[in-house]
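Have the structure open and follow along.

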Amino acid sequence: MISKKLFEELNKQVTYEYFSSHLYLAMEAYCASLNLDGFANFFKVQVEEERAHAKMFFDYINRMNGDVIIEGLDKPDANFKNLHDVFKKGYEHEQFVTSRIYLLMDIASEEREHATISFLKWFVDEQVEEEESFFGIMKKLEMIGENVSALYSLDQELAQRVFVPPVLTQG
Ligand SMILES: [Fe+2]
């Protein structure tokens, strides 16, 4: 049985995931404004991923006979100093999302809600990849510095990223 408290937190996560999508949309717009199409593509894929995450929580709540409540989204902070700042903020945001997933996992564990623990495991693993991805690009940008040709190569590399819909092992 999922408690009222756990349903509330799962519901909040639907909003947090949509907010992530909204924040990355602002980052996509910033990269597009710099004519960095590859970086813009990286965020375009990220936007789709976050929407998919939101829908996974949405579907899970429904499957468990809970009520999904759709809330409003905050305006994302889009005052980026430079490209490095974008990835620093993205990395910090992903660390926050990880803390949210851990909180959900802690509640599910306290309640011995094994189905939810199993559902959340996918997100625990996903967060390792998300943090790694943002941190890795942030570090590359530090190495690149003012080297325009290196920046161009990274932009070309990020242009290759495609959205792959996540697959849950459950159901
Ligand atoms: Fe996410």
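**A walk along the helices**

Start with α1, whose 30 residues reach 44 Å from the first C-alpha to the last, close to the 44 Å expected at 1.5 Å a residue. Keep in mind that this is a predicted model. Just after α1 comes Asn35, which takes a positive phi of about 60°.

Next up is α2, covering residues 37-63. Its 27 residues reach 39 Å from first C-alpha to last, again close to what 1.5 Å a residue would give, namely 39 Å. Just past the end of α2, Asn65 has a positive phi too, about 65°.

Now for the packing. The axes of α1 (residues 4-33) and α3 (residues 83-110) come within 11 Å and cross at roughly 170°. That crossing angle makes α1 roughly antiparallel to α3, since anything over 145 degrees counts as such. On the α1 side, the residues that meet α3 include Leu6, Leu10, Tyr16, Leu23, Met27 and Tyr30. Facing them from α3 are, among others, Val86, Val97, Leu103, Leu104 and Ile107. Sort the residues of this contact by type and you get 12 nonpolar, 4 polar and 3 charged.

Finally, jump to α4 (residues 114-144), where you'll find Leu141. Is Leu141 buried or exposed? Leu141 counts as buried because 20 other C-beta atoms lie within 10 Å, and 20 is enough to meet the cut-off. Leaving out residues up to four places away in sequence, Leu141 touches Leu83, His84 and Phe87.

Technical notes
Residues numbered from 1 in each chain as written. Predicted model: local features only at pLDDT ≥ 70, side-chain atom pairs only at ≥ 80, totals over all residues. Axes fitted to C-alpha atoms, helices over the stretch in contact; angles between N-to-C directions. Helix = DSSP H or I, 4+ residues; strand = E, 2+ residues; numbered from the N terminus. Parallel < 35°, antiparallel > 145°, perpendicular 65-115°, else oblique. Contact = placed C-beta atoms within 7 Å. Nonpolar A, V, L, I, M, F, W, Y, C, P; charged D, E, K, R; others polar. Expected span 1.5 Å × (residues − 1). Buried ≥ 20, exposed ≤ 12 C-beta atoms within 10 Å, placed from the backbone.
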